[in-house]
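Good morning, colleagues. I would ask you to look at the sequence and the model together while I speak.

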Amino acid sequence: MSKTQGQTDGQAGRTAGPEATLGYEQARDELVEVVRRLEAGGTSLEESLALWERGEELAKVCRRWLEGARARLDAALADGADGAEGAEGAEDTESAGEG
């Protein structure tokens, strides 16, 4: 189901890293933890930068999952609308022949 294996992340053709294999919930939960640690303070500048970079990676993972979900939803809604229109058209044709 994941489209991450063998694909690139869109930046200079790099192959997506291991963070791309995270599920949405895993990435979101880790992102929440990163934000909590950054907000708590008490970390060195180096550690804060590393946390920030990790947070950016996790946010990208979450965004990809959400965009994929949106595309699937849009496709399902489009398929449903096409099916409904086709069914309505068939009903119209049948009732026109009954008259």
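This is a predicted model: local features need pLDDT of at least 70, side-chain atom pairs count only at pLDDT 80 or more; totals for chains, interfaces and linings use all residues.

Let me begin with a question: by about how many helical turns are arginine 36 and glutamate 33 separated in helix α1? The answer is about one turn, because the two are three residues apart in that helix. Arginine 36 forms a salt bridge with glutamate 33, and the closest N and O atoms are 2.5 Å apart.

The chain contains two helices and zero strands. Helix α1 has 17 residues and spans 24 Å from its first C-alpha to its last, close to the 24 Å expected. Just after α1, glycine 41 adopts a positive phi of about 75 degrees.

I turn now to the interior. Of the 99 residues in the chain, 11% are buried. The largest nonpolar core has seven residues: Leu22, Ala27, Val34, Leu51, Leu58, Val61 and Cys62. Two or more of its residues come from each of α1 (24–40) and α2 (45–98), and α2 gives the largest share, four residues. As a general remark, nonpolar side chains in soluble globular proteins tend to be buried together.

Which residues does leucine 58 contact, leaving aside its neighbours within four places in sequence? They are Leu22, Ala27, Glu30, Leu31 and Val34. Leucine 22 is 36 residues from leucine 58 in sequence, yet their C-alpha atoms are 8.8 Å apart in space. Across the chain, 55% of the contacts with a separation of 6 or more involve residues 24 or more positions apart.

Finally, let us return to the charged side chains. The count of salt bridges comes to six. One of them joins arginine 37 and glutamate 47, at 2.5 Å from N to O. This pair links distant parts of the chain, with arginine 37 in helix α1 and glutamate 47 in helix α2, 10 residues apart. Another joins aspartate 74 and arginine 70, whose closest N and O atoms are 3.7 Å apart. Both residues lie in helix α2, four residues apart, about one turn of the helix. Aspartate 74 is partly exposed at 40% relative accessibility, and arginine 70 is partly exposed at 49%.

Methods
Residues are numbered from 1 along each chain as its sequence is written. Side-chain values use heavy atoms; hydrogens and water are left out. A nonpolar core is a set of buried Ala, Val, Leu, Ile, Met, Phe, Trp, Tyr and Cys residues joined through side-chain atoms within 4.5 Å. Buried means under 20% relative accessible area, exposed over 50%, partly exposed in between (1.4 Å probe, protein chains only). Contact means heavy atoms within 4.5 Å. The expected span of a helix is 1.5 Å times one less than its number of residues. A salt bridge is a side-chain nitrogen of Lys or Arg within 4 Å of a carboxyl oxygen of Asp or Glu.
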